[in-house]
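Me: I've got a model open and I'd like to learn how to read a few of its features. Can we go through them one by one?

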Amino acid sequence: MSTRARVTPIEPPAATGGNALLVLVGLGVAFLLITALLGAVKSGGNLYTESNLLYVALIFYAGAGALYMGFGVTGTAKYVNFASISTAIGFVANTLAVAHRWYMSGRPPFASIYEMLLSFVWTLALLTLVAEKKFGVKIIGSITMPLAVVCVILMQLLPSEVRPLVPALQSTWLHVHVTLAMLSYATCAVSFALAMMFLIKDNFSTESFLAWTSTLVAGIYLGIVATRFERWGGLSVTAWDVEHKSDIFLGRGVRLFVTIPELGWLFVIALLGALVPLVLYFMARAKNDSAYLRIADKAVFVGILLQLVVLAAFVMRTKDAAYASPFQEGLYPTSLAASPFILGGMVAGIFASLLYLMLLWRRNDLQHLLPSADTLDRVTYKTICIAFPLLTGMIATGAFWANRTWGSYWSWDPKETWAAITWLVYAGYLHMRVTRGWRGRRAAYFAILGFGVVIFTFLGVTYLLPGLHAYA
Amino acid sequence: MAFNVLSIPKRIYKTLANLRTGVVLLIIVVVVSALGTFILQRPVTEPEKMQAAYSPQTLRLLDRLTLTDVFHSWWFLSLLVLVSLSIIFVSVERFPNAWRFYARPYRRTDAHFRSANPYKVELPTKSAEQGLNAAERAMKKLGWPIERIADGSEQSLYSEKRRFSVMAVYVIHASLLLIFLGGIIDGVFGYSGFMSIPQGQQRNTLELKNGKKKQLPFFVKCVSAGQENYADGSPKKWWSNLAVVADGQEVSSKQIVVNDPLIYHGLRFYQASYWIDGTKIDGLRIGYAGLDSKVVPLELKTGQPVELDANTTVTLVEFLPDAFVRDGQVFKKSDSIENLAFGLDVVNRADNSSTRVWLFPAEGQVVGAENLKFQFQNPKAAKDIDFAPVTGLEVSFEPGQWFVWAGCLLMGVGLFAAFYLVHMRIWAVPVRDAEGRLVLWVGGAANKNKDRFEQKFSELIDEICSEIDKTAPAARISAQEQPRHELKLAGVK
């Protein structure tokens, strides 16, 4: 590609100070590494284990994410250099983790959702480095690195032991199918990041985005509170049958609910936190005073912190604990798996709020650092031109393999259906662009929507919907 | 205007041929399919689970709306047919224009085109022939195919590469239709079902997905079947040795495993599951001792009596995979193979008495043999018990699948051509410029990846310039007076 000459950003204005974040991140990374190292040495375990390597990758990805974001906010070019170094180190650790697992199991790490995430994060980091070095899109890491961090944290919640391959997975097609899937998903993630960059670069008003984000978050929490808030501030969740890995039923279609005391209040507070920016937005519109919007931005930030606290509390209190039920005597266990929709909603809320904060960086000097909006738009399109054939290949090989294993190339399994939906959404993007000439903002929204569907297909379907495609 | 009956088909055609209708249809398909993944679907989900998940009223409503089997409902099928029609009609509407462009390439430029084309350069030249010759040599050198166009006395050059890629988009849509066609053929003529065959037996009845039965014109025999486990006990491999028996003759045989089916006359037999018949034992090797206390080996099979002496027979009558004893009574605990128990009936014809003896190999226990003159010994090892394996076969007949695979390959070709092959064109025409000087107008066009083309185009221009310089040093002076060539990139995105 010859876009390099055009994409090279204009030299940033001379960095003013700006060592504070470097020092802070450096100290943070060093501190975490040393404490981890001390812990590992003290317990006398093997240093070269997959979880240690993954921890190192996590620390460096997080450091890189913080630096990329710092670059986004302050425009200090130095941050980017250190951020890419941090990404590269994280990538090396990630590669070693993949290699370690591959060596231990004697097959590529493609067999469970944990291993899929491991490969996905690896591909994502690789593409980030490629996009940065080859296309000069330096800030892309500020979106892909937080995504990588979220994935690595998610991996900690998943069973990670090396399991032998069940008979259905013993096929060469597994490798072809999964490699194509990882490549296409990661390419979609890059196109999403580029589309976000476009929105940052493009001069569009963030107010409507503020309203939409706050409405979404408030809607999520309103839904949870309206259906699950119990008297005296408890939160009712489905009881979980640990042995059979299913919800506990009282009768036909009637699930047994248990009440986690006090947790309900936290959700109410989070709901209020999401409503504040929405109210401020309407006040700003009514009084035509943008001062309210600035307060609203701060309120969004506070809202994210609140959501994080609620999420942490929810995870801690739901995981492996037993509570009383108002419907039946005795204590019943519950689990994160019993409340997939609450968990999914909370994560989606945090992600949406973070996206809004990123749009707020649309500062003048940042705009100088980014390639032109036109280039971003074109590179987004090119990425999707790469992702789409990969997606097609993934679906075709999946169908071929399914035909050899289940005796049918298409059985409308949720995973299949959602892969087809993803394909259709990107096909829609290409049609709109080629025949209707959709460029710029509308195309960017479409690319963002497409990645949302990809994430649902990748993770949402596995956690929320039952089906044949149970391994990942 | 009066209502015109004849215009209805035309109107339907016009509506479906509109891209907007196509997009609306696709959005409906997306929404409905998403709905179909959120609502539990029959027949994949067992009726009990459906009843556990929804209240009776909700379930009745969902069933009545066929939302519990979205993907096989008539309206979803009609939706897909409408989408196919829309793809066909939209393509038919657009095809003639594209075909004209493809079949009759734009070889001769006119003044209007020359001034509007974004990629263009005007190179000073002494004579028309000299300029054209230089361009021809340069193009040959860089691998551009050359066509000399003669329009009366005026000559020009035209070159293009990969014209095919402009038709790629039709290839993609045709491949999609091919895939749909395969799906429809399978929907109409194909069938799939399940077959379970105990080891050593043959069957020809297929249980179809809709609960009906279908007779095959031949028998499938399970010669043997088994399971291999990993060290941790999870299954590693299921296998079955199958044979096809037609008119009493074995016509085909194969060992199938999970990813490798047996194919006979278009029917595919897949290894889907494997289990052990919980009521039957093919061979149980135990020992028994008579009055002389000498232990003799004995092999029993479910239901087949074996003579112990002139008056006494023993029959293996019952097998419990998981059992326990309480107060001298035997109870079944579960269906999984845990604590085996074998029930033997010892019958004495002389006094017409029958005694039930239970063997518990796991605990080495024998229950109920206290009053007999015979002693029984438990089987010593796992190899002393031949379970009766049953293989579960998924059977499918999909004559349309070859259309699907052909469609997939064609789509691969189409996508490659559409995204990565660039249709590039070059024109070279000697013309008079604005000041009346003779120049060689060189223009180019590409239908995608303009950056790359820009590079190729300027490479070609450099080459033409050096060719002109070589043949006519005189031209150099005029070339130096003004910028040799300038890329005008107005309007290039």
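This is a predicted model: local features need pLDDT of at least 70, side-chain atom pairs count only at pLDDT 80 or more; totals for chains, interfaces and linings use all residues.

Me: At what angle do the axes of H2 and H5 of chain B cross?

Reply: Axes are lines fitted to C-alpha atoms, for helices over the stretch in contact, and angles run from 0 to 180 degrees between N-to-C directions. Helices are DSSP runs (H or I, at least four residues), as are strands (E, at least two), numbered from the N terminus. Here H2 (residues 19-38) and H5 (residues 74-103) of chain B cross at roughly 150°, their axes coming within 10 Å. H2(B) and H5(B) are therefore roughly antiparallel, a label for angles over 145 degrees.

Me: Which residues of H2(B) and H5(B) meet?

Reply: Contact means C-beta atoms, placed from the backbone, within 7 Å. On the H2(B) side you'll find, among them, B:Leu25, B:Ile28 and B:Val32, while H5(B) brings residues including B:Phe76, B:Leu82 and B:Val90.

Me: How many residues of chain A count as buried, as a percentage?

Reply: A residue is buried if 20 or more other C-beta atoms lie within 10 Å of its own, exposed if 12 or fewer, and partly exposed in between, with C-beta atoms placed from the backbone. In chain A, 46% of the 472 residues count as buried. Chain A has 15 helices and eight strands. Of its contacts between residues at least 6 apart in sequence, 79% join residues at least 24 apart.

Me: Where is A:Glu262 found?

Reply: Look in the loop between strand S6 (257-260) and helix H9 (263-287) of chain A. Phi of A:Glu262 is near 70°, a positive value in a residue other than glycine. A:Glu262 has 13 other C-beta atoms within 10 Å, so it is partly exposed.

Me: Is A:Asn288 buried or exposed?

Reply: Exposed, because A:Asn288 has 8 C-beta neighbours inside 10 Å. A:Asn288 sits in the loop between H9 and helix H10 (291-318) of chain A, and its phi, near 55°, is positive in a non-glycine residue.

Me: And B:Trp75, buried or exposed?

Reply: B:Trp75 is exposed, with 11 other C-beta atoms within 10 Å, and lies in helix H5 of chain B.

Definitions and conventions
Residues are numbered from 1 along each chain as its sequence is written. Chains are lettered from A and ligands numbered from 1 in the order in which they are written. Angles under 35 degrees count as roughly parallel, over 145 as roughly antiparallel, 65 to 115 as roughly perpendicular and the rest as oblique. Two residues are in contact if their C-beta atoms, placed from the backbone, lie within 7 Å.
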